[in-house]
Amino acid sequence: MANNFDAMRKIPPGIWLIRKIRGKDCSLKTHRYMVLLVTFIAYTSYHASRKPSSIVKSALDPEPNKTTNVYPWPIGSVFVKDEFLGENKDKFGYKGWEPFNGKDGTEKLGLIDVAFLACYSLGMFGAGHLGDTLDLRLFLTSGMIGSGIFVGLFGMGYFWNIHVFGFYLVMQMVAGLFQATGWPSVVAVIGNWFGKRKRGLIMGIWNAHTSIGNITGSLIAASVLEYGWGWSFIAPGTFIAISGILVFLFLAAYPEDIGFPCPNGPATRAEAVPCDVEAQTQNEGTVEGKSAPIRDRSGARRSVGLLEACLIPGVIPFSFCLFFSKLVAYTFLYWLPFYLSQTEIGGEYMSVKSAGNLSTLFDVGGIVGGILAGHISDKLRARAITAASFMYAAIPSMLLYRLYGNLSRTVNIVLMMIAGLFINGPYALITTAVSADLGTHSSLRGDSRALATVTAIIDGTGSIGAALGPLLTGFLSTKGWDTVFVMLMLGALIAGLLLSRQVVVEINEKTCKSMRSSSGQQSSEAPPSQPLLSDQR
């Protein structure tokens, strides 16, 4: 009786209800599709809840005598002209929101962004270990609902008429800590369900939730902005909280929790099932059918500490590689719209809103780059070679964009998307497939859990670079944009060089494997006078 209660406690309520209604369990393939969908929605909501601060900046600290179309593409026009308004009033009939509409308003808004990223990156390290220690489904649910509450509380400052800077700073810092629960958890869940055979391609496509979340958050925040900037926070906050309830109801964090074998751990002698889920197409049995013995549930696994996870081969170099990779990527994310508005393209300058709309195409190139990097790394079975090659290719792509991006908008768009492809490709690969690979490394014992911890170490280190890049750009841009691009190209070069040892290891492995294959073929071709060993009786 106790065992049945424990099983029901581990099975998500939504899946348990579906089983009761259908009278049987869904197939393995169906559960995997469900995991992909639920985690995709979950992290889409995470990114959507981060966008309001960038959308409402023009309302909190409007530019004097001028504003622009507040609706983002695709609702608004891709290229729009500035609309001049009289008497220092913005579109909503007020002059901003104290304390952000003063002379130091821009600095305060920037400080809030830096505080959010700092708490996010620091919280990542603790969140990863907790994710491997606690139930991932409950941990992720708590993080999403907590994020929704504090994002919403930031917006409630509008309705409560709060003008104290410390209130908004604290809300963003706590929201950053809760946001840190997301990435290690969703990557760990995907790593739990999918083996290594097509992990790069699957995660490359799945990683599109980042860009979709950015666009969704922009649309949600902008659509309610006219009713008051507070709604631009409350609406995305509600979205992530509802998504958290969806996770609680339908996300099976571990295959063992609903009766399927773990794709990464070794099977025991009593098991009559293969340990790789990819190889299990013939054994998609149900719990009711009792087609195969089941591994211990997720709660029986031992979590791995931060130090032990750091000692896994490859974690440290990939972490520092992501530091510089994110430094480059987030500099484009935060500063590309400003760069476009300050650069003469095709003989004219574009509005701030046009620059923001145009910069979204960098993310489009990034989606293609993430999918392409994942697919290539699967085919070559070489994550480090793929990531390093993309980072090296990013250097000439950024140089060409700086030198020739001002010729015309068409040329700018093409070169921007190419740069986005090579910059975001390795960033997406390292934060997804590489993290999942290292979290299930062969150096770990079969009962160990390190997926969330490894993901947190890698992405937490990268997030520090994500905060540092835009900060350095703010100082270097005063010396000219050429200086900024030199910094970015140097960062891409260092990111590639940091993987040199892993690249050499992968090349050596492929060379040895090729030599073993050729020697195996030669040994199998025995002369007629000496029969093959397999033919001897």
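1. Which residue forms a salt bridge with D25? The partner is R19, and the closest N and O atoms of the two are 3.1 Å apart. Keep in mind throughout that this is a predicted model. D25 has a relative accessible area of 5%, so D25 counts as buried, the cut-off being under 20%. R19 is buried as well, with a relative accessible area of 8%. Side chains of opposite charge can pair when their charged atoms come close.

2. The salt bridges in total. The count comes to 6. One of them joins R383 to D378, with the closest N and O atoms 2.9 Å apart. R383 and D378 are both buried. This pair belongs to a network of salt bridges that links D378, R383 and D437.

3. A link between helices. R402 and D482 meet through their side chains in a salt bridge, at 2.7 Å from N to O. R402 sits in helix α16 (residues 383-404) and D482 in helix α19, so the pair ties together parts that are 80 residues apart in sequence. R402 has a relative accessible area of 22%. That value makes R402 partly exposed, because buried requires under 20%.

4. Cavities. How many cavities of 30 Å³ or more are there? The count is 4. The largest cavity holds about 320 Å³ of space. The second largest cavity has a volume of about 60 Å³.

5. The lining of the largest cavity. It takes in 25 residues. Nearest the centre of the cavity lie H47, N207, T210, N424 and Y427. Several helices contribute at least two residues each: α3 (28-48), α11 (209-223), α14 (315-342), α15 (352-380) and α17 (409-439). The largest share is from α15, which gives 5 residues. By type, the lining of the largest cavity has 11 nonpolar, 10 polar and 4 charged residues.

6. The lining of the second largest cavity. Which residues line this cavity? They are T331, F332, W335, L336, Y339, W481, V484, F485 and L488. The largest share, 5 residues, comes from α14. The lining of the second largest cavity divides into 8 nonpolar residues, 1 polar and no charged. Note that α14 also supplies at least two residues to the lining of the largest cavity.

7. A nonpolar surface patch. V114, L468, L471, L472 and F475 make up a nonpolar patch on the surface. Together they have about 420 Å² of accessible area. Helix α18 (residues 451-476) gives the most to the patch, with 4 residues. L471 is found in this helix, α18. At 43% relative accessibility, L471 counts as partly exposed.

8. A contact across the sequence. How far apart in sequence are F248 and P13? They are separated by 235 residues in sequence, yet their C-alpha atoms are 7.7 Å apart in space. F248 lies in helix α12 (residues 231-250). F248 is partly exposed, with a relative accessible area of 32%.

9. A cis peptide bond. Where is P99 placed? P99 is in the loop between β2 (83-84) and α6 (105-133). The peptide bond from E98 to P99 is cis, with omega near 20°. Most residues other than glycine have a negative phi, and most peptide bonds are trans. Check this bond when viewing the loop.

10. Positive phi values. N161 has a phi near 60°, a positive value in a residue other than glycine. N161 lies in the loop between α7 (136-159) and α8 (165-179). R381 also has a positive phi in a residue other than glycine, near 55°. R381 is found in the loop between α15 and α16. Is R381 buried or exposed? R381 is exposed, because its relative accessible area is 62% and the cut-off for exposed is over 50%.

Technical notes
Residues are numbered from 1 along each chain as its sequence is written. This is a predicted model: local features need pLDDT of at least 70, side-chain atom pairs count only at pLDDT 80 or more; totals for chains, interfaces and linings use all residues. Side-chain values use heavy atoms; hydrogens and water are left out. On a 1 Å grid over the protein atoms alone, a cavity is a set of points where a 1.4 Å probe fits but cannot get out, and a pocket is an open set with protein on both sides within 12 Å along at least five of seven lines; lining residues have an atom within 4 Å of a point. Grid points are joined across faces, edges and corners, and a volume is the space filled by probe spheres set on the points. Ala, Val, Leu, Ile, Met, Phe, Trp, Tyr, Cys and Pro count as nonpolar, Asp, Glu, Lys and Arg as charged, and the others, Gly among them, as polar. A salt bridge is a side-chain nitrogen of Lys or Arg within 4 Å of a carboxyl oxygen of Asp or Glu. Buried means under 20% relative accessible area, exposed over 50%, partly exposed in between (1.4 Å probe, protein chains only). Patches are made of residues with over 30% relative accessible area and no salt bridge: like charges are joined within 9 Å, nonpolar side chains (Val, Leu, Ile, Met, Phe, Trp, Tyr) within 5 Å. Accessible areas come from the Shrake-Rupley method with a 1.4 Å probe; for residues, only the protein chains shown count as cover.
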